[in-house]
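Please keep the structure in view while reading.

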Amino acid sequence: MKPLALGTCFLSLVAPGLAAPTPADVAEVHLDADDACLSSTSPGIDGACSLQALQRRTQRLAGRGGARLGFLEEPHWLGWLQRAAQRSELLNGTISYEECHLKDSQCSLESMKGKPTLVYPGGETSCMNGDDYAFAVNPGDSDKLLIYFEGGGACWQAKGNVVLQCTDSMEKGIATTGLGQGFQNKQNMANPFRSYTVVEPIYCSGDAHMGDRVQEWSDKQFPQKGYANANSAVSWAKKNVDATLSNLVISGFSAGALGTMGWSYHLLGMFPHERASVLVDSYAGIFPDGTEGPILKNWGACSLPIFSESNQGLCSENQLSTKVALEAAMAAYPKVGFGYIQSKVDGSQIWFYKGLAMSNFMMGAADIEGPDFYNKTLALFEEYTLKFPNFVEILLDGDQHCYTESDLFFSATTANSDGEISNGTLLVQWVTDFLQGNASSACQGALQGADPSHGDDYCDKLLTPKVLNLDR
């Protein structure tokens, strides 16, 4: 299986041992795509199964500013990755992690003495490149727990194409934990998580924290052990925090948002609590039709205990989605608030939507633009709003990807995602209210019916305002 190039920065995150494709390789992938489409009983290319059609599509997108390789512009999420690493480098020396190995010590919360610590659990855990795995603990009160799933892209296989766009090493994972910033900025008095113990499954498996498989791509092995990695962190937390928590928050950003959706049902039942909340930052869970289920199955997620028996069955039939998993949690825990933090036109989410479409030869779907993606997001939130009184969202203008792992958390508003405009609802205040069960859906812009023709800066009149209701 050949790795599929999805942008000009493909080289920066290619997994060890897989050579980056040349333009000639990409042409060969196009030929492979054509052959697969023509030989398929149900062709995946929307309306055309010829090399000429693929070439025409490539040329058209290139003429519109697209990249040389594949059908996509430079991966938007790599900009987020670079900025996160730069923030981490600036804080280096000001705040950093201690290390502890479970083979040598219990690595108890008390023994950390308030110092952020990387805990190496051993066992089945592993990064995708083979690095020894560690999860992060930022100590706080033992009765307040934030389980915080880190993001960092995704690596997957679809229709014979292997796509490598994920953080695959501990070095990269540690650089983007957000230590000392956003949710983990314990110096900012406005931070509602200042006193929480933060347990963060570091992400280096490319499987949204839901993988349980060793992949064999280009005759090399790549462990996607996101479940074992995350479970090691969760198991440590279970042993070290109070038996009944005053406050439990489950959250995550980017790919960690998908992990949050997949793990919430299990975690809400695992940790007894007086109050609990689920916050999903910057991944709504919008995918091209029929693509998510096969990827979850390929990651080895179908037998994971985080899913109900019925959802395990759906997974085995390529039908499970993170949406279905999250809906199970929202239905089972009506007194738990579920909230989404979402930019109206998140560039990274759109990029991965296009990448998933491309890797599945769905070239029509790969042509999606901001207003259409925003409309799909609104349709999803409308569905949640109608079905679940315990759901609300905050929509922020712009294309920013991720808020909670940076100090944009304190300055961003619904009027501007980069924090440069002061009007609108302040994100940190909305989250503070949400944790207390007092939030309403928030958005800045004209109230209109959801429609791509309205652009991507308006607000959906079916969503705003809606008050969070945890009384039923």
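Two strands are said to pair if DSSP finds at least two bridges between them. In this predicted model, nine strands form an open sheet in the order 1-2-3-7-4-10-11-12-13, and the pairing is mixed. Strand 1 (98-101) and strand 13 (391-396) stand at the edges with a single partner strand each, so one side of each has no neighbour in the sheet.

**The sheet and its helices**
- Neighbouring strands of this sheet are turned by 20° against each other on average, when direction is ignored.
- Strand 10 (residues 245-253) pairs with strand 11 (residues 273-281) in the parallel sense over eight bridges, and Asn247 stands opposite Arg275 in strand 11.
- Helix 11 (residues 370-387) packs on the sheet, where it touches strand 12 (337-343) and strand 13, and its direction makes about 160° with that of strand 13.
- Helix 13 (residues 427-435) lies across strand 10, strand 11, strand 12 and strand 13, and runs at about 165° to strand 12.

**The disulfides**
- A disulfide is a covalent bond between the sulfur atoms of two cysteines, and a search of the whole structure finds five disulfides.
- One of them is formed by Cys127 and Cys204, whose sulfur atoms are 2.1 Å apart, and with -80° about the S-S bond this link is left-handed.
- Cys302 and Cys315 form another disulfide, and the torsion about its S-S bond is about -75°, so it is left-handed.
- A disulfide also joins Cys443 to Cys459, and both of these cysteines are buried.

Technical notes: Residues numbered from 1 in each chain as written. Predicted model: local features only at pLDDT ≥ 70, side-chain atom pairs only at ≥ 80, totals over all residues. Heavy atoms only, no water. Helix = DSSP H or I, 4+ residues; strand = E, 2+ residues; numbered from the N terminus. Axes fitted to C-alpha atoms, helices over the stretch in contact; angles between N-to-C directions. Contact = heavy atoms within 4.5 Å. Disulfide = S-S within 2.5 Å. Buried < 20%, exposed > 50% of the residue type's maximum accessible area, 1.4 Å probe, protein only.
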